[in-house]
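Below is a short report on one structure, taken part by part. Keep the 3D view open while reading.

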Amino acid sequence: MKYEAVIGLEIHCELKTKTKIFCGCATTFGADQNTHVCPVCLGMPGVLPTINKRVVEFGIKAGLATNCEINKYSKFDRKNYYYPDLPKNWQTSQYDLPIAEHGWVDIDVEGKKKRIRLTRIHMEEDAGKLVHSGTTIKDSASSNVDYNRTGVPLLEIVSEPDMSSAEEARAYMEKIKSIMEYIDVSNCRMEEGNLRADINVSLRPVGSKELGTRTEMKNINSFKNLEDAINYEIERQEEVLEDGGHIVQETRTFDPARGITLSMRSKENAHDYRYMPEPDLPPIVTSEETIEKYRSELPELPDARRARLEQEYGLSEYDAGIITSSRAMAEYFDAVIADGADPKLAANWIMGDLSKELNAEGIDISKSPVDAKRLGEMIQLIMKDTISGKIAKKVFKEMLTNPDSPEKIVKDKGLVQITDTKAIEGIVDEVIANNQKAVDDYKGGNKKAIGALVGQVMKASKGKANPQMVNKLLAEKLNG
Amino acid sequence: MKVTKEDLQNVAVLSRLAIAEDQEEKYLGQLDKILTYMDNLSALDTTDVKPTTYALPMQNVFREDVVKESLGREAALANAPLKEDGYFKVPKVLED
């Protein structure tokens, strides 16, 4: 039987507030264990939590940026469960009145557009971190708990099960990441756990409308693991079903080292979180006016920016998509072209040489050794025929370690393009004289032979001759 | 009886409480009394009462996003039954 996968994602996004959601403890990543804790986030008896205003602002903005309706009356609830990463034995979260609901984002996979619906976005507190004494949770006789992360504000962004492949799930998560970066509510550093996903996967016969039994993989924190976990799980479920078995609804862990998912086999009863309204936190009532104020503060979002780059600058859909996938790169691009650099050249350089260099060195584009202004200046040198595209690659390499202006580098290194007709003519004559065979081939009808001659001229000029002029002069002399 | 023995056992498991078998009747009786008492509320006419999720006339109680001093590790761990290297130490998390 042919099966199709049905995939839904719950993305947890840590917000970039200075303090936790219900207390004034700092949210800084990487502090010594249990130093950013207080009676509130440790769940001591008798404490009174108070909502961080920024968290509500960020929740509303995230909702608006993903086409959600904002709930004007929203409240917190207690989600009861026993796990040592929560000192209170409940997580303060939202149940039936989340801050935002019924949204959508569009994704693009291999040129095919698809709309992924968002069920809801709710605010909640993050849990602490467990350090197990053994290699895994199962073979550990004890665990150590660090509550620094407890109470760090999270948005949980829940999708409908609208995805049907690992590629779509990845594209969706990339889109959410990009939007959260644009609206500046999260650092979205996946390696620090700012952004992680719980994945639900089930299979059903192609054409069937009914949903199959699903399994859940929690805390997937990289795009690669996301794809690997989904692909493995699809294959595993397919095998079980093909063998006439049935899928057990359960939580599985993904082991990145082996690329497989494993049953947690916890004896936990079916989840019964016994949600109840949080009596210590008054409801959040948001006026139309506040919603519109937050809406007006939103920046241009990735999809709109991408459309603008296509329309205004004639970039291809693909190029515009790459440039706008991260806000930092989109801003870098804008800065490069601000002083008149050609947008298409700018896009090529950013996606080509610059990205290659940054990826190899693991540097963020905002910290690029070649800043946007200097790259813009270099592109203008190409536009003015001061240097050729080929020489520009040399100049660019030099700029990575040399903070001088590209103009100065070109001058100091003697890389100025030769556009003087007389000078080029001399080299052309010499090359024609020394390459009789190519000349004969060309004259004999093999027009491609001119390529070899152009190459010789460029070589003789150390790459500095203007290629268009070389072509023109050669053709004139050979045909004349 | 409003509650069954299964209800009681389920609630006990969810709350991580161990209830001895010879105590079950006692707790069943108590739970039943509480729930019967709650039934009194149903006697009230609530036609014109709007549903609420919060009992006090308060809303939008917020704090600014300003860092305050934390407790300090020593104080945080002072009452922990088990600790190790600045961590709270807990017994085995998942049962076999």
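Which residue takes a positive phi in the hairpin of β2(B) and β3(B)? The report comes to that hairpin first.

## The hairpin in chain B

This is a predicted model. The residue in question is B:Asp85, with a positive phi near 50°. The hairpin has 2 residues between its strands, β2(B) and β3(B).

Across the pair, B:Glu84 stands opposite B:Tyr87.

## Strands that pair across the chains

Strand β3 of chain B, residues 87-91, also pairs with chain A. Its partner there is β10(A), joined by 4 bridges in the antiparallel sense. Look for A:Ser143, whose bridge partner in β3(B) is B:Val90.

A second pairing links the chains elsewhere. Here β2(A) meets strand β1 of chain B, residues 62-63. The sense is parallel, over 2 bridges. A:Asn52 has B:Arg63 as its bridge partner in β1(B). Strands of a sheet pair through backbone hydrogen bonds, either parallel or antiparallel.

## The contact between chains A and B

In total, 44 residues of chain A are in contact with 34 residues of chain B. On the chain A side, several elements each supply at least two residues: β2 (51-52), α1 (53-65), β9 (129-132), β10 (142-146) and β17 (284-285). The largest share, 5 residues, comes from β10(A). That is the strand bridged to β3(B).

By class, the chain A side has 19 nonpolar, 15 polar and 10 charged residues.

## The sheet of chain A

Chain A has 15 helices and 17 strands. An open sheet takes in 9 strands of chain A, in the order β3-β7-β8-β11-β1-β12-β13-β14-β15, with mixed pairing. β3 (69-70) and β15 (260-263) stand at the edges. Each has a single partner strand, so one side of each is left without a neighbour in the sheet.

Helix α3 of chain A, residues 223-242, packs on this sheet. The helix touches β1 (3-14), β12 (195-205), β13 (215-220), β14 (251-255) and β15. Its direction makes about 25° with that of β12(A).

One pairing within the sheet is β7 with β8 of chain A. β7 spans residues 100-109 and β8 spans residues 112-125. They pair in the antiparallel sense over 9 bridges. A:Asp106 has A:Arg115 in β8(A) as its bridge partner.

## A helix pair in chain A

Now turn to α12 (residues 421-434) and α15 (residues 467-479) of chain A. Their axes are 10 Å apart, and the helices pack at an angle of about 55°. That angle makes α12(A) oblique to α15(A). The crossing is right-handed.

From α12(A), the contact uses A:Thr421, A:Ile424, A:Glu425, A:Val428 and A:Ile432. They meet A:Met469, A:Val470, A:Leu473, A:Leu474 and A:Lys477 in α15(A). These residues divide into 7 nonpolar, 1 polar and 2 charged.

## Overall dimensions of chain A

How does the radius of gyration of chain A compare with that of a compact globule of 480 residues? The globule would be near 23 Å, but chain A has 29 Å. Along its principal axes, the C-alpha trace of chain A spans about 95 × 55 × 45 Å.

Key: Residues numbered from 1 in each chain as written. Chains lettered and ligands numbered in written order. Predicted model: local features only at pLDDT ≥ 70, side-chain atom pairs only at ≥ 80, totals over all residues. Pairing = 2+ DSSP bridges. Contact = placed C-beta atoms within 7 Å. Axes fitted to C-alpha atoms, helices over the stretch in contact; angles between N-to-C directions. Nonpolar A, V, L, I, M, F, W, Y, C, P; charged D, E, K, R; others polar. Parallel < 35°, antiparallel > 145°, perpendicular 65-115°, else oblique. Left-handed = near helix turned anticlockwise from the far one by under 90°. Rg over C-alpha atoms; globule rule 2.2 N^0.38 Å.
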